[in-house]
Amino acid sequence: MTERHRKFLAGLAIAVFILLSAVVAWFVGRPLIHHLHDPEAFRLWIDSHGWAGRLIFVGISVLQIVVAIIPGEPIELFAGYAFGFWLGTLLCELGALTPPVGINLFIIQSSAEGLTTNKIFKGCVPIIIIMLLVTILIWVFPGLCTFMFS
(Lines give C-alpha, C1' and ligand atoms only; values in the text may rest on other atoms or scores of the structure.)
Protein backbone atom coordinates (compact mmCIF):
# COMPACT_ATOMS: atom_id res chain seq x y z
CA MET A 1 0.00 0.00 0.00
CA THR A 2 1.42 3.34 -1.02
CA GLU A 3 1.66 6.41 1.19
CA ARG A 4 -1.05 8.08 -0.87
CA HIS A 5 -3.45 5.19 -0.22
CA ARG A 6 -2.72 5.34 3.52
CA LYS A 7 -3.42 9.06 3.65
CA PHE A 8 -6.65 8.55 1.72
CA LEU A 9 -7.78 5.78 4.09
CA ALA A 10 -6.90 7.90 7.12
CA GLY A 11 -8.94 10.81 5.76
CA LEU A 12 -11.80 8.47 4.92
CA ALA A 13 -11.75 7.02 8.46
CA ILE A 14 -11.90 10.52 9.95
CA ALA A 15 -14.79 11.46 7.66
CA VAL A 16 -16.71 8.29 8.58
CA PHE A 17 -16.12 8.96 12.28
CA ILE A 18 -17.41 12.52 11.94
CA LEU A 19 -20.44 11.30 9.98
CA LEU A 20 -21.26 8.59 12.56
CA SER A 21 -20.83 11.12 15.38
CA ALA A 22 -23.28 13.45 13.64
CA VAL A 23 -25.80 10.62 13.21
CA VAL A 24 -25.51 9.69 16.90
CA ALA A 25 -25.84 13.35 17.90
CA TRP A 26 -28.97 13.69 15.77
CA PHE A 27 -30.77 10.52 16.83
CA VAL A 28 -29.58 10.28 20.44
CA GLY A 29 -28.40 13.75 21.41
CA ARG A 30 -31.53 15.63 20.39
CA PRO A 31 -33.87 13.54 22.59
CA LEU A 32 -31.38 13.82 25.47
CA ILE A 33 -31.33 17.60 25.24
CA HIS A 34 -35.12 17.59 25.04
CA HIS A 35 -35.28 15.71 28.37
CA LEU A 36 -32.70 17.82 30.21
CA HIS A 37 -35.31 19.67 32.22
CA ASP A 38 -37.44 16.66 33.13
CA PRO A 39 -35.63 13.66 34.69
CA GLU A 40 -38.83 11.61 34.77
CA ALA A 41 -39.33 12.09 31.01
CA PHE A 42 -35.74 10.97 30.49
CA ARG A 43 -36.32 7.84 32.57
CA LEU A 44 -39.45 7.02 30.57
CA TRP A 45 -37.62 7.63 27.26
CA ILE A 46 -34.82 5.22 28.25
CA ASP A 47 -37.31 2.62 29.55
CA SER A 48 -39.28 2.80 26.29
CA HIS A 49 -36.21 1.37 24.49
CA GLY A 50 -35.81 -1.67 26.80
CA TRP A 51 -32.32 -3.19 26.76
CA ALA A 52 -31.42 -1.09 23.74
CA GLY A 53 -31.74 1.96 26.00
CA ARG A 54 -29.03 0.59 28.26
CA LEU A 55 -26.80 -0.19 25.28
CA ILE A 56 -27.40 3.31 23.91
CA PHE A 57 -26.40 4.72 27.28
CA VAL A 58 -23.17 2.70 27.38
CA GLY A 59 -22.49 3.90 23.83
CA ILE A 60 -22.99 7.50 24.94
CA SER A 61 -20.55 6.92 27.81
CA VAL A 62 -17.99 5.45 25.41
CA LEU A 63 -18.48 8.39 23.05
CA GLN A 64 -17.97 10.77 25.98
CA ILE A 65 -14.59 9.18 26.71
CA VAL A 66 -13.48 9.10 23.06
CA VAL A 67 -14.63 12.64 22.31
CA ALA A 68 -13.14 14.38 25.32
CA ILE A 69 -15.01 17.66 24.84
CA ILE A 70 -18.32 16.03 25.82
CA PRO A 71 -18.75 16.60 29.57
CA GLY A 72 -19.15 13.42 31.60
CA GLU A 73 -20.98 14.73 34.65
CA PRO A 74 -24.38 15.26 32.98
CA ILE A 75 -24.19 11.76 31.52
CA GLU A 76 -23.47 10.33 34.96
CA LEU A 77 -26.36 12.29 36.48
CA PHE A 78 -28.69 11.01 33.77
CA ALA A 79 -27.54 7.48 34.59
CA GLY A 80 -28.75 7.99 38.15
CA TYR A 81 -32.06 9.40 36.92
CA ALA A 82 -32.70 6.65 34.40
CA PHE A 83 -31.33 3.51 36.04
CA GLY A 84 -31.00 4.27 39.73
CA PHE A 85 -27.75 4.59 41.62
CA TRP A 86 -26.28 1.10 41.29
CA LEU A 87 -27.20 0.18 37.73
CA GLY A 88 -26.32 3.72 36.61
CA THR A 89 -22.91 3.42 38.26
CA LEU A 90 -22.31 0.03 36.64
CA LEU A 91 -23.27 1.30 33.18
CA CYS A 92 -21.08 4.41 33.58
CA GLU A 93 -18.18 2.19 34.62
CA LEU A 94 -18.69 -0.06 31.60
CA GLY A 95 -18.72 2.93 29.29
CA ALA A 96 -15.68 4.49 30.93
CA LEU A 97 -13.58 1.31 30.88
CA THR A 98 -14.17 0.22 27.31
CA PRO A 99 -12.19 2.84 25.31
CA PRO A 100 -9.01 3.00 27.43
CA VAL A 101 -8.79 -0.78 27.75
CA GLY A 102 -9.19 -1.23 23.99
CA ILE A 103 -6.64 1.44 23.15
CA ASN A 104 -4.11 0.07 25.63
CA LEU A 105 -4.53 -3.46 24.28
CA PHE A 106 -3.68 -2.32 20.77
CA ILE A 107 -0.72 -0.27 22.04
CA ILE A 108 0.64 -3.34 23.82
CA GLN A 109 0.12 -5.46 20.71
CA SER A 110 1.99 -3.00 18.50
CA SER A 111 4.92 -2.67 20.89
CA ALA A 112 5.33 -6.33 21.92
CA GLU A 113 6.54 -8.49 19.09
CA GLY A 114 5.20 -12.00 18.94
CA LEU A 115 2.05 -11.30 20.93
CA THR A 116 -1.24 -11.62 19.14
CA THR A 117 -4.24 -9.46 19.99
CA ASN A 118 -6.13 -12.58 21.02
CA LYS A 119 -3.44 -13.53 23.55
CA ILE A 120 -3.42 -10.00 24.98
CA PHE A 121 -7.23 -10.02 25.33
CA LYS A 122 -7.06 -13.36 27.14
CA GLY A 123 -4.51 -11.88 29.55
CA CYS A 124 -6.79 -8.95 30.37
CA VAL A 125 -9.91 -11.01 31.07
CA PRO A 126 -8.98 -11.77 34.73
CA ILE A 127 -8.45 -8.06 35.46
CA ILE A 128 -11.79 -7.11 33.91
CA ILE A 129 -13.53 -9.91 35.84
CA ILE A 130 -11.98 -8.67 39.10
CA MET A 131 -13.16 -5.10 38.39
CA LEU A 132 -16.69 -6.33 37.67
CA LEU A 133 -16.67 -8.52 40.81
CA VAL A 134 -15.64 -5.55 42.95
CA THR A 135 -18.45 -3.50 41.43
CA ILE A 136 -20.96 -6.26 42.17
CA LEU A 137 -19.54 -6.64 45.69
CA ILE A 138 -20.09 -2.92 46.33
CA TRP A 139 -23.57 -3.24 44.83
CA VAL A 140 -24.49 -6.13 47.15
CA PHE A 141 -22.74 -4.66 50.21
CA PRO A 142 -22.89 -0.85 49.88
CA GLY A 143 -21.73 -0.50 53.46
CA LEU A 144 -18.22 -1.38 52.27
CA CYS A 145 -17.83 2.07 50.75
CA THR A 146 -20.23 4.12 52.88
CA PHE A 147 -19.22 3.04 56.40
CA MET A 148 -16.88 6.03 56.80
CA PHE A 149 -19.69 8.51 56.25
CA SER A 150 -22.26 7.02 58.61
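Predicted model: local features only at pLDDT ≥ 70, side-chain atom pairs only at ≥ 80, totals over all residues.

Me: Why does Ser-61 count as buried?

Reply: Buried means under 20% relative accessible area, exposed means over 50%, and partly exposed is in between (1.4 Å probe, protein chains only). Ser-61 has 5% relative accessibility, so buried is the label. Ser-61 sits in helix α3; helices here are DSSP runs of H or I with at least four residues, numbered from the N terminus. Not counting residues up to four places away in sequence, Ser-61 touches Ile-75, Leu-91, Cys-92 and Gly-95, where contact means heavy atoms within 4.5 Å.

Me: And what makes Leu-94 partly exposed?

Reply: Leu-94 comes out at 37%, so it counts as partly exposed. Its place is in helix α5.

Me: How do you know that α3 and α5 are oblique to each other?

Reply: Their angle is about 45 degrees, with the axes 8 Å apart. Axes are lines fitted to C-alpha atoms, for helices over the stretch in contact, and angles run from 0 to 180 degrees between N-to-C directions. Under 35 degrees is roughly parallel, over 145 roughly antiparallel, 65 to 115 roughly perpendicular, and the rest oblique. So α3 and α5 are oblique.

Me: What makes α4 and α5 oblique?

Reply: They cross at roughly 135 degrees, and their axes come within 7 Å. That angle therefore gets the oblique label for α4 and α5. The contact is made by Glu-76, Ala-79, Gly-80 and Phe-83 of α4 and Phe-85, Leu-87, Gly-88, Leu-91 and Cys-92 of α5.

Me: Which residues have the most contacts inside the largest nonpolar core?

Reply: Phe-42, Ile-46, Phe-57, Ala-79, Ala-82, Phe-83 and Leu-91, in a core of 14 residues. α2 (39-47), α3 (51-66), α4 (73-83) and α5 (85-111) each give two or more residues to this core, and α4 gives the most, with 5. As for the name, a nonpolar core is a set of buried Ala, Val, Leu, Ile, Met, Phe, Trp, Tyr and Cys residues joined through side-chain atoms within 4.5 Å.

Key
Residues numbered from 1 in each chain as written. Heavy atoms only, no water.
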